[in-house]
Amino acid sequence: MVSPAQVVTTMSDPLDLLFRAPRVITSAGEVARSVGVRDGRIVVIEPYGAQLDAEVVVELGDDEVLIPGLVDTHVHVNEPGRTEWEGFASATRAAAAGGVTTIVDMPLNSIPPTVDAAALDVKRRVASDQAYVDVGFWGGAVPGNVPDLRALHDAGVFGFKCFLLHSGVDEFPPLDPAELELALKEIASFGAMMIVHAEDAHAIDRATSPGGENYADFLDSRPRGAENLAIAEVIELARWTGCRVHILHLSSSDALPMIASARKDGVKLTVETCPHYLSFVSEEIPSGATQFKCCPPIREAGNRELLWQGLADGVIDCVVTDHSPCTVDLKRFDIGDFGVAWGGIASLQVSLSAVWSEAKRRGHTLNDVVRWMAENPAEQVGLNTKGHIALGYAADFAVFAPEEAFVVDVAALQHKNPVSAYDRRALAGVVRSTWLAGKRIDLDEAPRGRLLSRGLA
């Protein structure tokens, strides 16, 4: 792999693409720049008025910002096996429409789950000619597959996912504490990372029933104490084993102090949250509105503000979608029962606008959003040429109009089934175009995304 620092150019070399943009998000902040591309890489960054020639020149308006393509490391594509829920073509089309140029696919809810190298091969074959954006893959850690983890790592997965309670699908069972410790020791032995759905099964078993139309009852069935307890256990096992761990979809702000403390102690720990935890509050979820069901759940308004503070303080590293769609019937709108509806929120196409809408009203900048949704996710999984507009990096971009507003129409979204908690929500910021490896993504043309392996992108 060529590192960014090794890529050089001269002004006499022809450029394939040139952006002239009065607003570009770079490591230096928001600046006016000319950004030149050759062979899919950024090779020139010059002042806005620099005299440069290219085969294609794109002049951005004063209302547009050039940002790096987003990196979403938490996407459930579900193909093969549950392709009626979502597939590589529909998921990556949604990603492209939302300014996301790289996704990393979760090892479930596909059949087979990605728990051995043979299953990874199946996924790669299915995805190979369908991806509109670049796609990487997580492996899975389940009871009994410790001997398979090294082979999955060598085959290029970006790390391993496990659950500490029932995952929602029987073919991807959870790890108990002893199994988790064994898996962490094995993963640490070859320098990989475990990503964890951290809710304690015993605490949830003892909570109230999740059934019925009342969201408050569902919230009581997934108490924040269950999340806090599981995160504490993961932290201690990470401390003992030395394994890199990542906490998925943090919803409980109570856990922030112990996460910060663990990091000070040297525990190798990163944390994500999701747009729905930063956008919605439990007090406003209508009765029977199962499009809002996810696990862990959307919590109270005060909790949401503390998650935003965790982002501002750097305790939470990144914002990724946990895009987990399903067919309309599985949401059980006919009875509105939170206990039986599938839990998952589809948001891949609107994630940037959703986070920006809430960030701007709290005084955050686009630089902050890019750090949370592009730079840090790329760094977390080792995508060393993605997430930045910088020399030598991949020419993956989104042209974003931050002040333009729109109302989400779920029927117009690109993911497979017309269900989303964001339907009819007014959002700020419109993605006007998305560019992969220096070429604009056209959803009417054949897909040209690549399948990524760890360390090779």
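Reply: Let us begin with a definition: a residue is buried under 20% relative accessible area, exposed over 50%, and partly exposed in between, with a 1.4 Å probe and protein chains only. The model is predicted, so local features need pLDDT of at least 70 and side-chain atom pairs count only at pLDDT 80 or more, whereas totals for chains, interfaces and linings use all residues. Residues are numbered from 1 along each chain as its sequence is written, and side-chain values use heavy atoms, with hydrogens and water left out.

Me: Which residues of helix α8 are buried, and which are exposed?

Reply: Helices (H or I, at least four residues) and strands (E, at least two) are DSSP runs, numbered from the N terminus. In α8, residues 256–264, the buried residues are L256, I259 and A262. They cover an arc of only 125 degrees around the axis, which puts them on the same side of α8; the arc is that of the directions from the helix axis to the C-beta atoms. The face turned away from this buried side carries the exposed residues P257 and K264.

Me: Against which elements do the buried residues of α8 pack?

Reply: Packing is read through contact, meaning heavy atoms within 4.5 Å. The buried residues of α8 pack against α7 (224–241), β13 and α10 (301–313). Just after α8, G266 takes a positive phi of about 95 degrees.

Me: Where do the buried residues of α3 lie, seen down the axis of the helix?

Reply: In α3 (residues 146–154), L149, L152 and H153 are buried. Seen down the axis, these buried residues fall within an arc of 95 degrees, so they line one face of α3. P147 and D154 are exposed on the other side. The packing partners of the buried residues of α3 are α2 (117–127), β9 (139–140), β10 (160–163) and α4 (177–189). G156, which follows α3, has a positive phi, near 110 degrees.

Me: Which residues of α2 are buried?

Reply: They are A119, L120, K123, R124 and A127. Down the axis of α2 they fall within an arc of 140 degrees, so they line one face of the helix. A118 and R125 are exposed on the other side of α2. The buried residues of α2 pack against α1 (88–97), β7, β8 and α3.

Me: What is the order of the open sheet of 3 strands?

Reply: Strands of a sheet pair through backbone hydrogen bonds, either parallel or antiparallel. Two strands pair if DSSP finds at least two bridges between them. Here the open sheet has the order β6-β7-β8, with parallel pairing. Its edge strands, each pairing on one side only, are β6 (70–75) and β8 (134–137). Strand β7 (residues 100–105) is joined to β6 by 4 bridges, and D72 has I103 in β7 as its bridge partner.

Me: How many residues of strand β11 are buried?

Reply: In β11 (residues 193–197), 5 of its 5 residues are buried. Both faces are covered: M193, I195 and H197 lie on one side, and M194 and V196 on the other. Over 4 bridges, β10 and β11 pair in the parallel sense; C162 stands opposite V196 in β11.

Me: Which members of the largest nonpolar core touch the most other members?

Reply: In soluble globular proteins, nonpolar side chains tend to be buried together. A nonpolar core is a set of buried Ala, Val, Leu, Ile, Met, Phe, Trp, Tyr and Cys residues joined through side-chain atoms within 4.5 Å. The largest one holds 101 residues, and I67, F160, L180, M194, L250, L269 and I298 touch the most other members. Apart from it lies another core, of 16 residues, including F19, V24, Y393 and F397. Residues up to four places away in sequence aside, I67 touches I25, L352, V370, I389, D396, F397, A398 and F400.

Me: Is C274 buried or exposed?

Reply: C274 is buried, with a relative accessible area of 0%. C274 lies in the loop between β13 (269–273) and α9 (275–279). Leaving aside neighbours within four places in sequence, C274 is in contact with H249, V319, V320, T321 and D322.

Me: Which residues does S324 touch?

Reply: Not counting residues up to four places away in sequence, S324 touches H76, N109, W342, G343, G344 and I345. S324 sits in the loop between β14 (318–319) and α11 (351–360) and counts as buried at 5% relative accessibility.
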